[in-house]
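Please read this report with the sequence and the 3D view side by side.

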Amino acid sequence: MASIYSHKRSESFHYLPEPNNFAASFAEEKEILVLGAGNFGTCLSDHLACMCLFMTSMKLFIATFNFEFSLTIAIALNKQRVTVWARDKAVVDSINQFHKNSKYLKDITLDKNVVATNSIDKDIFQRSSVVLMSVPTQYMRSILHQIKPLLTPQHLLICVNKGIEISTLELPHEILSEELGKEISEKAVFLSGPSFAIEVAKRQITCVSAASQTQSRALRTQKLFHAPYFRVYSTSDITGVEIAGALKNVIAVAAGACAGLDLQMNSRAALITRGLAEIARIGVAMGANPLTFSGLAGVGDLFLTCTSEKSRNYTVGYRIGRGEKLDYVLETLGSVAEGVETTRAAYHLGRKLKVDTPQIDAVYSVLFEGVNINKALKNLIERDPSEELKGLDNLTLN
């Protein structure tokens, strides 16, 4: 029986989702369009396409017990395809010809249900019931301009990009509302949590949060992504999820620098914990639920990003801690480290909200003001003592 449940990259975890939910999610959707073929867009494209593979392996086994359910699977299989949009024609050609992204996750062979395109047109939106946005937040607005005439409130719009727009200090859901209007933005879903792309692609157990103002859309997203190795928890706190997902990258730069300076675990634990306090202070000032920061999108994603060399932002901080210059680090990194530009936005956001953000300020001073990293650390540590829950001690939980 184990061979029926096993997946091509899963070696030790073979449980199946609840059959009714599993069938319903795919019976409900047509094609899926993924905008962005970076690390996360690529791994999620493969994940969603591979849901069909799970269904194929289940088909004969389930048909023995329930012919009607088997028929539902067959119908879903005939409709399901994932199209990933990329600007780079070389990436498009590589995915279509070799089932590999030539630029990101190069060692992963993508499912054959993943196809690629470098054009955005009416036909692809009409064929798709799900649109997943995985472009950097700084470029999100320009992509929304392109798709605005094509996107409808009936599309399930899921955003997985993290960050704060530098020019406006706005979060993705605020950009969405401005560009597409409330009818679409209120139904959008924002997916975030501790999820390295390479580990998702290798079918490692992963849990994330799906935030939406519309509960039915969050639940639909849960069904869409649910797999033996991938769990989604719903929430209505979009602001908390987005702020946590953006600012953890800034703290990860600090955590990497801490390691680069050979500071040990006491120091790193202190840095991560106090970084979480700064994230929570900003989030609460913007109306977020403080409990969100103790969940997957908060402490979960922060812990992941601040403790692993797989994190690009951690790597940037580590190399700066070792004495390398920021320009050289970014030039040789090989991929985008969102935390660098997010630091700029976070610094100005803290001032706008009049929130105490000493760690974010220290990272900003090193990255953009030329302050020596040891001097920045000294300034941080020698601050006057304060209350641990400063800025968070008078909260009333909803």
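Residues are numbered from 1 along each chain as its sequence is written, and side-chain values use heavy atoms, with hydrogens and water left out.

The chain has 19 helices and 8 strands, where helices (H or I, at least four residues) and strands (E, at least two) are DSSP runs numbered from the N terminus. Of its 398 residues, 53% are buried, a term that stands for under 20% relative accessible area, with exposed meaning over 50% and partly exposed in between (1.4 Å probe, protein chains only).

Confidence is expressed as pLDDT, the predictor's confidence in each residue, from 0 to 100. The chain has a mean pLDDT of 87, and 84% of its residues reach 70 or more. Over residues 1-27, however, the pLDDT is below 50, although this stretch has 54 contacts in the model beyond near neighbours in sequence. Residues 55-79 also have a pLDDT under 50, and for them the model has 27 contacts beyond four places in sequence. Where pLDDT is low, the predicted coordinates should not be read in detail.

Two packed helices are described by the angle between their axes and the distance between the axes. Here the axes are lines fitted to C-alpha atoms, for helices over the stretch in contact, and angles run from 0 to 180 degrees between N-to-C directions. The axes of α12 (residues 238-260) and α14 come within 9 Å and cross at roughly 25°, and the two helices are therefore roughly parallel (an angle under 35 degrees, whereas over 145 is roughly antiparallel, 65 to 115 roughly perpendicular and the rest oblique). Residues making this contact include Val241, Ala244 and Gly245 of α12 and Ala297, Gly298 and Cys306 of α14.

For α18 (residues 358-368) and α19 (residues 373-381), the axes come within 9 Å and cross at roughly 160°, which makes α18 roughly antiparallel to α19. The contact is made by Pro358, Gln359, Ala362, Ser365 and Val366 of α18 together with Ile373, Ala376 and Leu380 of α19.

| Residue | Relative accessibility | Class |
|---|---|---|
| His99 | 22% | partly exposed |
| Arg203 | 5% | buried |
| Thr292 | 12% | buried |
| Cys159 | 1% | buried |
| Cys258 | 4% | buried |

His99, in the loop between α5 (89-98) and β3 (114-117), has a phi near 60°, a positive value in a residue other than glycine. Arg203, in the loop between α10 (197-201) and β7 (206-211), has a positive phi near 65°. Thr292 lies in the loop between α13 (265-285) and α14 (296-306) and, leaving aside neighbours within four places in sequence, is in contact with Asp237, Gly240, Val241 and Gly298.

The structure holds 0 disulfides, a disulfide being a pair of cysteine sulfur atoms within 2.5 Å.

Terms used
Predicted model: local features only at pLDDT ≥ 70, side-chain atom pairs only at ≥ 80, totals over all residues. Contact = heavy atoms within 4.5 Å.
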